[in-house]
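Here is a short note on the aromatic rings in this model. Please keep the structure open while you read.

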Amino acid sequence: MSDQKSKSRQQSKLESAEPEEELISKSELKRQSKDLQKLGQTVVNLTPAHYATIPLDEELKDALDIARVINKKKDGYRRQLQFIGKLLRQRDNSPIEVALAKITHQHQANNAAFHELERAREDVITRGDDAIQGLIEEYPELDRQKLRQFHRQVKKEQEKNAPPKAYRELFQYLKDVTQKG
């Protein structure tokens, strides 16, 4: 009979207890801490122009500024990153992550545009008038005569094994004209 009483007491304790918060394992907490330290290190390693675009409060900005100054080979840098991770745990990091995503996307878009210009240049050099016609249809502000002139100059440079001056100038011309619009 005493077993039934103890079971009913335990059951009533369970029913009356408030729902507990989800318990997070110690390993998961460590992983989250490492992730936040990596986020902090990513922000520390940004160029000054990109760093200025990240939304930071004063305390976090001061900690990041100190980390940017510390010699990365010293133990103080590691401890500073741990401190930054601690500060990040106390904040909503979504604005920082959004700003980093914009920077990454901008970088990827710039790379894609650069590769597209390289492909256009190679097409003009290898295919000649066909590629020039396709580029002019896409970008009417390009000068057909100038593109043909670059095509001839690049071919001459390649035959003579001369420095690729016209090759570079063609790329610069394509970049200047196509990125205006």
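Which charged end sits over the ring of Y167? That of R121, 3.9 Å from the ring's centre. A charge sits over a ring if NZ of Lys or CZ of Arg is within 6 Å of the ring centre and within 35 degrees of the ring normal.

1. Basis. This is a predicted model: local features need pLDDT of at least 70, side-chain atom pairs count only at pLDDT 80 or more, and totals for chains, interfaces and linings use all residues. Residues are numbered from 1 along each chain as its sequence is written, and side-chain values use heavy atoms, leaving out hydrogens and water.

2. Aromatic pairs. The whole structure holds two. Ring centres must lie within 6.5 Å; planes under 30 degrees apart are stacked, over 60 edge-to-face, the rest tilted.

3. F114 and F171. Their centres are 5.3 Å apart and their planes at 65°, so the pair is edge-to-face. F114 is in helix α6 (residues 94-127) and F171 in helix α9 (residues 165-178), so the pair ties together parts 57 residues apart in sequence. Helices are DSSP runs (H or I, at least four residues), numbered from the N terminus. F171 is buried at 12% relative accessibility; F114, at 39%, is partly exposed. Buried means under 20% relative accessible area, exposed over 50%, partly exposed in between (1.4 Å probe, protein chains only).

4. F150 and Y173. This pair is tilted, with 5.9 Å between centres and 40° between planes. F150 belongs to helix α8 (residues 144-160) and Y173 to helix α9.

5. Y51. This residue is buried at 8% relative accessibility. R68 lies over its face, 4.1 Å from the ring centre.

Terms used: Phe/Tyr/Trp six-rings, centres within 6.5 Å; stacked < 30°, edge-to-face > 60°. Helix = DSSP H or I, 4+ residues; strand = E, 2+ residues; numbered from the N terminus.
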